[in-house]
Amino acid sequence: MEQPKVKERIILGIDPGTAVMGYGVVLEKGTKIELISLGVVKMDKIDDHMLKLQRIFEKTVALIDNYKPDCLSIEAPFYGKNIQVMLKLGRAQGVCMAAALSRSVSITEYSPRKIKQSITGNGNATKEQVAAMLQTLLKFTETPDFLDATDGLAVAVCHSFQKIPVSKGGKITSKKSHSGWAAFVKDNADRVKASGNKLK
């Protein structure tokens, strides 16, 4: 008897920034997630804000053309005291979105708190805690510019957790949303291996 084809999709996650943009690409195969790529785009040597936006747009289009993602998940700018910083982050996010729209890629936005909650079960988790959980989940070791890259990767994994199908007997029965890591572990005990790296 032929096995039903496992549904696959590629998710591109981006943490937009005007100094550093982090990105991660994952392949979702049914209920499994595999790391394809993660990295950063640096813009600290570009002085002109408009040229930074141009680089963000071009790099996002290049990522889309290279990895052919089914969807883009992006981190929303958080509300800070400095309105100028928020305005710049909002522009960076908008340029990423425009790049995705230019390639007809669907977009989902997540707040930083939602992303942290989804990955670690704690909406106030540190970048280091998020990175450690992603390493355990996707089984990879550190890379240069690690935390900016894992911020982008976290957005992609967060998106996968929201829509992950729960399969019984090889058939996808329902699309279940998980409120956080604890709920995901409860539903997917067979997929999560115990790790010695417990988060404090």
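In which hand does helix 1 pass helix 2 in their crossing? Helix 1 passes helix 2 in a right-handed crossing, whereas helix 3 and helix 4 cross in a left-handed way. Keep in mind that this is a predicted model.

**Helix 1 and helix 2**

- Helix 1 covers residues 49-67 and helix 2 covers residues 83-102; they pack at about 35°, and their axes are 9 Å apart.
- The crossing of this pair is right-handed.
- On the helix 1 side, the contact uses His49, Met50, Leu53, Ile56, Phe57, Thr60, Val61 and Ile64.
- Helix 2 answers with Lys88, Arg91, Ala92, Val95, Cys96, Ala98, Ala99, Ala100 and Ser102.
- Sorted by class, the contact of helix 1 with helix 2 comes to 12 nonpolar, 3 polar and 2 charged residues.

**Helix 3 and helix 4**

- Here residues 112-120 (helix 3) pack against residues 127-138 (helix 4) at an angle of about 45°, with 9 Å between the axes.
- Helix 3 and helix 4 are therefore oblique to each other.
- Helix 3 brings Lys116, Ile119 and Thr120 to the contact, while helix 4 brings Gln129, Val130, Met133 and Leu134.
- That contact of helix 3 with helix 4 splits into 4 nonpolar, 2 polar and 1 charged residue.

**The second largest pocket**

- Its volume is about 390 Å³.
- The lining of the second largest pocket takes in 20 residues, and those nearest the centre are Asp15, Glu75, Phe78, Lys127 and Asp151.
- Helix 3, helix 4 and helix 5 (146-163) are the elements that each give two or more residues to this lining.
- As for residue classes, the lining of the second largest pocket has 11 nonpolar, 3 polar and 6 charged residues.

Definitions and conventions. Residues are numbered from 1 along each chain as its sequence is written. This is a predicted model: local features need pLDDT of at least 70, side-chain atom pairs count only at pLDDT 80 or more; totals for chains, interfaces and linings use all residues. Side-chain values use heavy atoms; hydrogens and water are left out. Axes are lines fitted to C-alpha atoms, for helices over the stretch in contact, and angles run from 0 to 180 degrees between N-to-C directions. Helices (H or I, at least four residues) and strands (E, at least two) are DSSP runs, numbered from the N terminus. Angles under 35 degrees count as roughly parallel, over 145 as roughly antiparallel, 65 to 115 as roughly perpendicular and the rest as oblique. A crossing is left-handed if the near helix is turned anticlockwise from the far one by less than a right angle, and right-handed if clockwise. Contact means heavy atoms within 4.5 Å. Ala, Val, Leu, Ile, Met, Phe, Trp, Tyr, Cys and Pro count as nonpolar, Asp, Glu, Lys and Arg as charged, and the others, Gly among them, as polar. On a 1 Å grid over the protein atoms alone, a cavity is a set of points where a 1.4 Å probe fits but cannot get out, and a pocket is an open set with protein on both sides within 12 Å along at least five of seven lines; lining residues have an atom within 4 Å of a point. Grid points are joined across faces, edges and corners, and a volume is the space filled by probe spheres set on the points.
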